Amino acid sequence: MSRRVRRGVSGGGSFFSRMVNRPATNDRNMALMWGLAWLIVGIILCWYTDLVPTSMFGYTWGVTSLAWQTVLGFVMWISSTVIFFAFAVLLNRKVSTTELFGRMLFAHWPVTLLVLPAIVGDKVDYSTFMNNPKILFDHAPIYAVLMSIFTAVVLVWYLYWGYCAFRRSTSRSGALVFIVYVIAFALSMFLSSYTIDFVYAGMA
């Protein structure tokens, strides 16, 4: 194999690696910028499709103004990241707040894809699945299976990207970091859901 070909293969592998690990390979400011861009896209899509976030991973049907959608979007970001930051500080006290919040926000953008089925499909079935999948399996099993597969793919994608962002932000790696990340993810899911419910109560 020629030197030129070897360089091409190496460069292609490096490019693939950067894409797969995008939350870690991005510059910190670029991660924050693109994270905010996708957050805005998600807010607009939710407003356009009459969806509202239920936590850092999930949406349901709900009509609200663009202003409140913006509030919900930023509340979701902050409430879903603050626990990651707390756990990150335990691993490395020199963690940058801007870096972690920016990288975790960028890692969240695949969740925006969960809005797409509501655009092309039935919103009632979509909302039912997001709130209680078991009911939809009895009512529309094919749709429920397809949504389950799609949601699982997005969740795995989000989990992996979130781990890349968390690992890069803490400058730590290994089994302990992964365990800490999983625990933080579960707690963040709960806190974001609770906080968003609190905001909904204030909107009523």
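This is a predicted model: local features need pLDDT of at least 70, side-chain atom pairs count only at pLDDT 80 or more; totals for chains, interfaces and linings use all residues.
Residues are numbered from 1 along each chain as its sequence is written, and side-chain values use heavy atoms, with hydrogens and water left out.

Let me begin with the charged pairs. A salt bridge here is a side-chain nitrogen of Lys or Arg within 4 Å of a carboxyl oxygen of Asp or Glu, and by that rule the model has three. Helices (H or I, at least four residues) and strands (E, at least two) are DSSP runs, numbered from the N terminus.

Asp50 pairs with Lys123, their closest N and O atoms being 4.0 Å apart; this joins distant parts of the chain, since Asp50 sits in the loop between H3 and strand E1 (51-53) and Lys123 in helix H7 (residues 123-131), 73 residues apart. Lys123 counts as partly exposed because its relative accessible area is 28%, and Asp50 is likewise partly exposed, at 25%.

Glu99 forms a salt bridge with Arg28, with 3.1 Å between the closest N and O atoms, and this pair also links distant parts of the chain, Glu99 being in helix H5 and Arg28 in helix H3, 71 residues apart. Glu99 is buried, at 8% relative accessibility, whereas Arg28 is partly exposed, at 36%.

On a 1 Å grid over the protein atoms alone, a cavity is a set of points where a 1.4 Å probe fits but cannot get out, and lining residues have an atom within 4 Å of a point; grid points are joined across faces, edges and corners, and a volume is the space filled by probe spheres set on the points. There are two cavities of 30 Å³ or more.

The largest holds about 160 Å³ and is lined by 19 residues, with Leu39, Gly42, Tyr59, Met76 and His108 nearest its centre. H3 gives the largest share of that lining, five residues.

The second largest cavity has a volume of about 50 Å³, and its lining includes Trp77, Phe84, His108 and Tyr158. H4 gives the most to this lining, with four residues.

Notes: On a 1 Å grid over the protein atoms alone, a cavity is a set of points where a 1.4 Å probe fits but cannot get out, and a pocket is an open set with protein on both sides within 12 Å along at least five of seven lines; lining residues have an atom within 4 Å of a point. Buried means under 20% relative accessible area, exposed over 50%, partly exposed in between (1.4 Å probe, protein chains only).
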